Amino acid sequence: IMVASYIVVYIILILFFFSVIFGGLFDIANNQDPTVFLQSIIWKLIGIWLVVMAYVLGWVMPFRAGTYNFLMNGRETRKYQFNDFFIALKTKWAKLIGLVFIIHLLAFGIMFLSYYALFSNMAEQIANSQSIGVKPSINPFFMFEGLGWIFLSYIPLIFILVSASLSVPLLLFKTDNVIDALVSSMKIVSKKWFHFFGLYILVYILTGAGIIVCFIG
């Protein structure tokens, strides 16, 4: 269930990424109004964020939280019951929604601001070219600068997601307060942040290799 859930997320993000890239190049080639072009990109980013958020909150998160319950109860009782996957839905579903929403709002909000700055700069260059009667052209240096800007925008995203990675089990087993779970996770992870980051990189590599070789992570 979890593998299928994450595959759907990745497919959505990959399709959206290519649609933005090719759609943007098509708009630039057809001399679209820079303001309309910028607004289109921003609305697409907001749209995909809402779709992914709804999917994560409504489908992925219940089973992820349920996995923690399943393993914890199995360790204590030595009995593994399928119903344990749904305990989180009965007890802390609303708080889990609030926690994940806050994490994604912080992480992707910063990324959107970086994208907005990048596309605003791009739109301004296109508008200046059109105002002096010059056909807009793609400057290779500017394209590399834009890719660098996008890469930098992912740094705070990764930092927040890794720092908040323990917040869900903390909320399930240690506290009933959403903010307390988030702050506690950041305090714990910050002591060995690069260890956690390296662990997650290794997990994603192994998961990707498993999907390529065996079609399951």
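This is a predicted model: local features need pLDDT of at least 70, side-chain atom pairs count only at pLDDT 80 or more; totals for chains, interfaces and linings use all residues.
**Entry 1: the whole chain**

Of the contacts in the chain between residues at least 6 apart in sequence, what percentage join residues at least 24 apart? I looked this up and found 71%. Contact here means heavy atoms within 4.5 Å.

Next I checked the helices and strands: the chain has 8 helices and 0 strands. Both are DSSP runs numbered from the N terminus, helices being H or I with at least four residues and strands being E with at least two. My sketch of the pattern along the sequence reads α-α-α-α-α-α-α-α.

Of the 217 residues, 35% count as buried. Buried means under 20% relative accessible area, exposed means over 50%, and partly exposed lies in between (1.4 Å probe, protein chains only). The accessible surface of the chain is about 13,500 Å², and 73% of that belongs to carbon and sulfur atoms. These areas come from the Shrake-Rupley method with a 1.4 Å probe.

**Entry 2: aromatic rings**

How many aromatic pairs does the structure hold? I found 4. Rings of Phe, Tyr and Trp (its six-membered ring) pair if their centres lie within 6.5 Å; planes under 30 degrees apart are stacked, over 60 edge-to-face, and the rest tilted.

I looked at F159 and W193: their ring centres are 5.7 Å apart and their planes are at 25°, so this pair is stacked. F159 lies in helix 5 (residues 140-163) and W193 in helix 8 (residues 193-214), so the pair ties together parts 34 residues apart in sequence. F159 is partly exposed at 45% relative accessibility, whereas W193 is buried at 13%.

W193 also pairs with F194, edge-to-face, at 5.1 Å centre to centre and 85° between the planes. I checked F194 too, and it is exposed, with a relative accessible area of 67%. Ring pairs link F159, W193, F194 and F197 into a cluster.

**Entry 3: one serine**

Is S185 buried or exposed? At 0% relative accessibility, S185 counts as buried. I placed S185 in helix 7 (residues 178-191). Leaving out residues up to four places away in sequence, S185 touches S163, A164, S165, L166, S167 and L170.

How values were computed
Residues are numbered from 1 along each chain as its sequence is written. Side-chain values use heavy atoms; hydrogens and water are left out.
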